[in-house]
Amino acid sequence: MIHHCCRSSYFPREHYSVPENNRIPHLLSCNSPTRFTSRRFESIKPDKQLDYVNDNGGPQEYIDIVLSSLRSDTVKLRHAKKLQMFDLRRFMILSAVRETVLNFPGGIVKFTQELKFLSESTERIPCYRVLDDRGQLLSNNCMQIDKNIALKMYKDMVMLQTMDAIFYEAQRQGRISFYVTSIGEEAINIASAAALTIDDFVFPQYREAGVQLWRGFTLQDFADQCFGNTLDNGKGRQMPAHYGSKKHNYITVASTVGTQVLHAVGAAYSLKMEGKDACTITYFGDGGSSTGDFHAALNFAAVMEAPVILFCRNNGWAISTPVTDQFRSDGVVVRGQAYGVRSIRVDGNDALAVFNAVQVARKIAINESKPVLIEALTYRAGHHSTSDDSSKYRPIKDIEWWRLAQDPVARFRKWLEGDDWWDSQAESELREATRKEVLHAIQVAEKIEKPGLHEIFSDVYDVPPSNLSHQENSLREAVKKHQQDYPPDVPF
Amino acid sequence: MEHYPRVCVMGEDVGHYGGSYKVTKDLAKKFGDLRVLDTPIAENSFTGMAIGAAMTGIRPVVEGMNMGFLLLAFNQISDNCGMLHYTSGGQFTIPTVIRGPGGVGRQPGAEHSQMLEFYFQSIPGIQMVACSTPYNAKGLMKAAIRSENPVVLFELVLLYNLKERIPDEMRYHVMQAAKTLVNKGYDPEVIDIRSLKPFDLYTIGNSVKKTHRVLIVEECMRTGGIGASLTAAINENFRYYLDTPIVCLSSKDVPAPYAGTLEEWTVVQPPQIVTAVEQLCEL
């Protein structure tokens, strides 16, 4: 069947010309309603497909079914005399086919005499990887990546690792109230971001600070958000590590698990309507894949043919719940097929594998206007957050093994060194400089004043309604009267 | 939808079917099946999608087949729709309209007869409006679509089949009672509250200053209903103008029964309104 992607913009413009990659030859004008599947509004008559079985040809699938059934079934000739008007051959084919297939709502289905259930467990889907544990390329095919991009990827991975370590310590020292690290998932963060463009919208869960780092969010920006000071573009309204930046097309993190997957599908819908050369990407964990929103989003992305990349960071743990208690399917990748979504499993600790997979997924999403599910297998080498101590529910030796032996940053470095793009001196210089930069950002952010009282009431609506103005006034009066009882570092 | 290409509609059966109550009839033919989008049965799904689309430039109008079903989307509406403008520091706006029919209809049973206003009223960041006539429905819809804030627009099932100028059941009951009272010599001033969040305290206040006695009539349930918060708001702001305590007449705190007679008596009827006013005026 014809299946197209809507590359033409939906919104009328004055001087519109059909873009070259428009796959619908008959869609000449963007003023006509966009149809994202040519099946729409066709009535589904049970015999409609059967009428295709004639010399004018029909869907190849149908012809194959017909041929295979003719070989095995007996033709019911006794009916032939009653229907002399019809072409005998056509009748034979029709009745033979009726015995073996039926055009149920949803499509042609073959019948079987075997009472057989599909097994609930299958062999595990293999995992795509490019580099082995020692950073060597696995296949002889050359890895095509620009040296500058590879180096930026590495530097950002180191930056992320350093930032995580120091901010975590800052929380332990009581300087910030909360923090979430991405230890063990640096490759997922940076490599996936590197494979996208700035026009692609990112809908994160909360362990994807690296994506924003790649896009240009500075260390100072991160620190300002964690300290919730006036320079925070979230105006001190969200918990630390709940970053967001319109400039970088990185939607503000909400603590609700899985809700962002739906938002990403909606944003993909808006990109599809506008015919933009961009997609959306959303990240979630193994735990997030159990939420109702995930299933609804996956299903609907498939139906709507939305250009969205659904990236699952299967790191083995949802706080203290291991994946064996989270689901009984072979991870998350098999769900793609169940919903009609193309999917792939990649080694999340292999930066080059993640980079390749996301790059191709982006092409599929945009050119074919289809959702893609990527499951990156990895390990959450850090705790869930600063409110968690994961040694309470998993062996420390496991944590240590993954953190050291499977460190994605080290593996990528070994590959860079193997290609002579990096060396130990550059390494020590980078680590030293990065550490200084992060410490400096924290020291600066700590001293900047907090947002003023007015920011409690602004942005609830576009314009504060009277009840909020009234509440602000009564709060101001209370603070003025009892200044000693209110925090002194909040500007009045 | 004609004037603003970015306005779109999402909901169950809104496309070629035209909507369960035919509110979106023929829109899909005119604007295409992408702009008038049929969704699978997952209210959290299309509400979440609408939020994502709104953050990236679209102005979606989400149709709940019945307002009661939007309880499935409550997480998206409260935690994301209402909050994201605030928590993002004003960076992302969510100009979405969530609308649907609610309230008692022609015996659709308990699950199809809910009033969701009071579930939503405490969500910060959303605006709520309710229409009571076809005329104000049009105005409110246009205003809601143009608003930069997320708006929940409550419609009433019984309104859909009625022609112009005939109002919804509760307004109809109140106007009937008002006629009876006028014939008995009373002088009631009736305010049809269309803005539920925030309340239009200016108009209400002017009336309280004039009449000094307040009777609230609503289809919400008694406990935790809109009437309860309105009582609190009026008491707080205008207590010196009140001669008597505020009386609030609401639906009974029960699921709406199916049987027609029972259904009728769970909601406020004109004789109850008349009696309440008479009692108020005797005090």
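## Confidence in the model

What is the mean pLDDT of chain A, and what share of its residues reach 70 or more? This is a predicted model, and in chain A the mean pLDDT is 83, with 79% of the residues at 70 or more. For chain B the mean is 87, and 95% of its residues reach 70 or more. The model as a whole has an ipTM of 0.81 and a pTM of 0.81.

Where pLDDT is low, the predicted coordinates should not be read in detail.

## The annotated domain of chain A

An unreviewed UniProt entry carries the annotation "domain: Dehydrogenase E1 component", which covers residues 155–451 of chain A. Over these residues the chain is 47% helix and 11% strand, and the C-alpha atoms at the two ends lie 33 Å apart.

## Where the two chains meet

The size of an interface is often given as the accessible area lost when the parts come together. Here chain A and chain B bury about 4300 Å² between them, and 63% of this area is on carbon and sulfur atoms. On the side of chain A, Tyr269(A), Phe300(A) and Tyr461(A) lose the most area to chain B, and together they account for 15% of what that side buries. The contact takes in 50 residues of chain A and 49 residues of chain B.

Across this interface there are 16 residue pairs in polar contact, with both residues at pLDDT 80 or more, and one salt bridge is found. The salt bridge joins the side chains of Arg6(B) and Glu274(A), with 2.1 Å from N to O. Strand 3 (201–203), helix 7 (259–274) and helix 8 (292–304) of chain A each supply at least two residues of the side that touches chain B, and helix 7 of chain A gives the most, with 11 residues. Sorted by class, the side of chain A that touches chain B has 23 nonpolar, 16 polar and 11 charged residues.

## Two details of the backbone

Most residues other than glycine have a negative phi, and most peptide bonds are trans. Asp459(A), although not a glycine, has a positive phi of about 70°, and this residue is found in the loop between helix 13 (424–447) and helix 14 (466–481) of chain A.

In chain B, the peptide bond from Lys197(B) to Pro198(B) is cis, with omega near 0°. Pro198(B) is found in the loop that lies between strand 7 (195–197) and helix 8 (201–211) of chain B.

Note on methods
Residues are numbered from 1 along each chain as its sequence is written. Chains are lettered from A and ligands numbered from 1 in the order in which they are written. Side-chain values use heavy atoms; hydrogens and water are left out. UniProt positions are given in the numbering used here, feature names are shortened, and annotations may be inferred rather than shown by experiment. Helices (H or I, at least four residues) and strands (E, at least two) are DSSP runs, numbered from the N terminus. Contact means heavy atoms within 4.5 Å. Buried area is the accessible area (1.4 Å probe) that two parts lose on being put together, summed over both. A salt bridge is a side-chain nitrogen of Lys or Arg within 4 Å of a carboxyl oxygen of Asp or Glu. A polar contact is a pair of N or O atoms within 3.5 Å; within protein, one must be able to donate a hydrogen and the other to accept it, and residues adjacent in sequence count only if both atoms are side-chain atoms. Ala, Val, Leu, Ile, Met, Phe, Trp, Tyr, Cys and Pro count as nonpolar, Asp, Glu, Lys and Arg as charged, and the others, Gly among them, as polar. pLDDT is the predictor's confidence in each residue, from 0 to 100.
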